Amino acid sequence: QAAFDTAGAELGDTIDGIIRNQPQIETAAGERRARALLTEYAVAAILLPMQSFKTAAKTLKYDIEALSAEFACDTDIVCQRLTALPDDAPAFGYFRANAAGTIIRMHRLERLPVPRYAVACPLWVLFRAQQSPDMLFRQRAIFPSGARFVFVAKAISQSKIEYGRPRHFVTDMIAINEEDSFETVYAPDDDTRLEEVGPSCRLCPREQCGHRVNDPLTDN
């Protein structure tokens, strides 16, 4: 809360200036969304200053749970901060999905195909993790293109826990190119199963997949 108050008081004018200079933001709703996201980024920067975070991240081999404990913050803040690391660090993508499987936050990663308007592949560990909240899952994934990634996901509850009140789970996932993953604690070994996944059914050519719900797009 202190970081949020600081971001609003000291960076509010800067954030408003950034929004005014973005011609694609044309509505009041768009402005509110942009302001919320930029304020959230500022809070993360206050809680996890880049120089100290970069050093700790490298020392801890980009372990999101260890970094969460190191900086006394939630893992989703760590995940988002990893995407802001400079170019000499491994590149990270970040995704957040709600209980309906909708991707509600996304930071893209080069070569990782993600549908903009469709539901992503249900085989991603992003969706599997919600079956076992508060547990960390790693997945070594290969796409039809041959591109390989390591996904790391964890579902957490965001609601107040009370009797009779449903819990509101969201899942956070980082994505790493497999070659970059060997700099992290999540590096696969020879025994790590390689799972075939896709972007979405409409964009995936794996016609024999048992999870397919739509035919793939074709030129015919």
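Two strands count as paired here if DSSP finds at least two bridges between them. Helices (H or I, at least four residues) and strands (E, at least two) are DSSP runs, numbered from the N terminus. The model is a predicted one, where local features need pLDDT of at least 70 and side-chain atom pairs count only at pLDDT 80 or more, while totals for chains, interfaces and linings use all residues. Residue numbers start from 1 along each chain as its sequence is written, and side-chain values use heavy atoms, with hydrogens and water left out.

**View 1. β4 between its two partners, β3 and β5.**
β4 and β5 are antiparallel and share nine bridges, with Ala153 sitting opposite Met173 in β5. Strand β4 (residues 148–157) is mostly covered, with eight of its ten residues buried (under 20% relative accessible area; exposed is over 50%, partly exposed in between; 1.4 Å probe, protein chains only).

**View 2**
Six strands line up as β2-β1-β5-β4-β3-β6 in an open sheet with mixed pairing. β2 (103–107) and β6 (194–196) are the edge strands, each pairing on one side only. Over at the β2 end, β1 (residues 92–97) and β2 pair antiparallel through four bridges, and Tyr94 has His107 as its bridge partner in β2.

**View 2. Helix α5 on the sheet.**
Helix α5 (residues 75–82) packs on the sheet and touches β1, β2 and β5 (169–177), where touching means heavy atoms within 4.5 Å. Its direction makes about 140 degrees with that of β1. How many of the residues of α5 are buried? Eight of its eight, among them Cys79 and Leu82. These buried residues pack against α2, α3 (50–59), α4 (64–71), β1, β2 and β5.

**View 3. α2 meeting α5.**
Helix α2 (residues 28–47) and α5 pack at about 95 degrees, with axes 10 Å apart. They are therefore roughly perpendicular (65 to 115 degrees; under 35 is roughly parallel, over 145 roughly antiparallel, and the rest oblique). Glu40, Tyr41, Ala44, Ala45 and Leu47 of α2 make the contact with Ile77, Gln80 and Arg81 of α5. That set splits into five nonpolar, one polar and two charged (nonpolar: Ala, Val, Leu, Ile, Met, Phe, Trp, Tyr, Cys and Pro; charged: Asp, Glu, Lys and Arg; polar: the others, Gly among them).

The axes of α1 (residues 2–20) and α2 come within 9 Å and cross at roughly 130 degrees, which makes α1 oblique to α2. The contact of α1 with α2 has 13 nonpolar, two polar and three charged residues; among those from α1 are Leu11 and Ile18, and α2 brings residues including Leu38 and Val43. Thr39, in helix α2, is buried, with a relative accessible area of 12%. Beyond its neighbours within four places in sequence, Thr39 is in contact with Phe4, Ala7 and Ile15.

Notes:
Axes fitted to C-alpha atoms, helices over the stretch in contact; angles between N-to-C directions.
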